[in-house]
Amino acid sequence: MTTITMTTTITKNQLVAWIQANAQAINDHVDELNRMDAAIGDGDFGASIQRGVNAATELLPELDDADIGTMFTKIGMKMMSKMGGTSGPLTGTLYTKMGSKSKGKLELTPSEFAEMFITGVEGVMKLGKAKVGDKTMIDAYYPAAQKMVEVSGKGGTVLETIEAGVNAAKTGYENTAEITASKGRSSYLGERSLGAIDPGAYAGYMLLNALYNVVK
Ligand code: ADP
Ligand code: MG
């Protein structure tokens, strides 16, 4: 008889592995992210997010005993202080808001994860006043968050939920090449931002892809 083990929650250890996997992916793509930002902005996005994710991984050892909420809150505060530019406070807020939603938790059901993630994304949207279609990180994050809420709400497993999220984020970041920017530095370019992918949206996809690689 074969026993099928279903993973029904995302554990804190998996979330720690997520932070590490995302940092690795960002470090592997720093130059690309800088070039993408140089095309429609000032070219610092890769370097900035690299500082943020590396500060987050450096913080992990002292978060060994922390619950998920404390971990994300501290990581968000740290990233905010280390990253510059527009993306610093926005990225930091994604994590601090996720932290407030997961206070005291040591594991998350797919729905709890999705609700935590969308809370973070809505925090970013409130702060930056960007919506889907403005050619920002929100174009990857928000459709991903909505899709994960939907799939987990229908009883989707961890893998089904995250896979749906990463696919939505991919479509979302790819679509940023088809639209002009209405927020941030790239909005100064008007039509000239057409054809370029937004680096923040690309990094948003990378974040979900890192989690997919951890849970698959
Ligand atoms: P800057 O150098 O212009 O200060 P960064 O290079 O730190 O900005 O970040 C650029 C990224 O920030 C963009 O690719 C975009 O995804 C994101 N961004 C810019 N403005 C907003 C906003 N209002 N809301 C959400 N994301 C935004
Ligand atoms: Mg920049």
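**Cavities and their linings**

Modeller: This is a predicted model. The second largest cavity is lined by Ile-19, Asn-22, Val-53, Ala-56, Ile-75, Met-79 and Tyr-95.

Biologist: What volume does the second largest cavity have?

Modeller: Its volume is about 40 Å³.

Biologist: OK, stepping back. How many cavities of 30 Å³ or more does the structure hold?

Modeller: There are three cavities of that size. The largest cavity holds about 60 Å³ of space.

Biologist: Which residues line the largest cavity?

Modeller: The lining consists of Asn-22, Ile-26, Ile-49, Val-53, Met-79, Thr-91, Leu-94, Tyr-95, Tyr-141, Ala-203 and Leu-207. Among them, Asn-22, Val-53, Met-79 and Tyr-95 also line the second largest cavity.

Biologist: Which elements supply at least two residues each to the lining of the largest cavity?

Modeller: Four helices do: α1 (12–28), α3 (45–59), α5 (87–101) and α9 (199–215).

Biologist: Which one gives the largest share?

Modeller: That is α5, with three residues in the lining of the largest cavity.

Biologist: Last one. How do the residues of that lining divide into nonpolar, polar and charged?

Modeller: For the largest cavity, nine are nonpolar and two are polar, with no charged residues.

Notes. Residues numbered from 1 in each chain as written. Chains lettered and ligands numbered in written order. Predicted model: local features only at pLDDT ≥ 70, side-chain atom pairs only at ≥ 80, totals over all residues. Heavy atoms only, no water. 1 Å grid on protein atoms, 1.4 Å probe; cavity = no way out; pocket = protein on both sides within 12 Å on 5 of 7 lines; lining within 4 Å. Points joined across faces, edges and corners; volume = space filled by probe spheres on them. Nonpolar A, V, L, I, M, F, W, Y, C, P; charged D, E, K, R; others polar.
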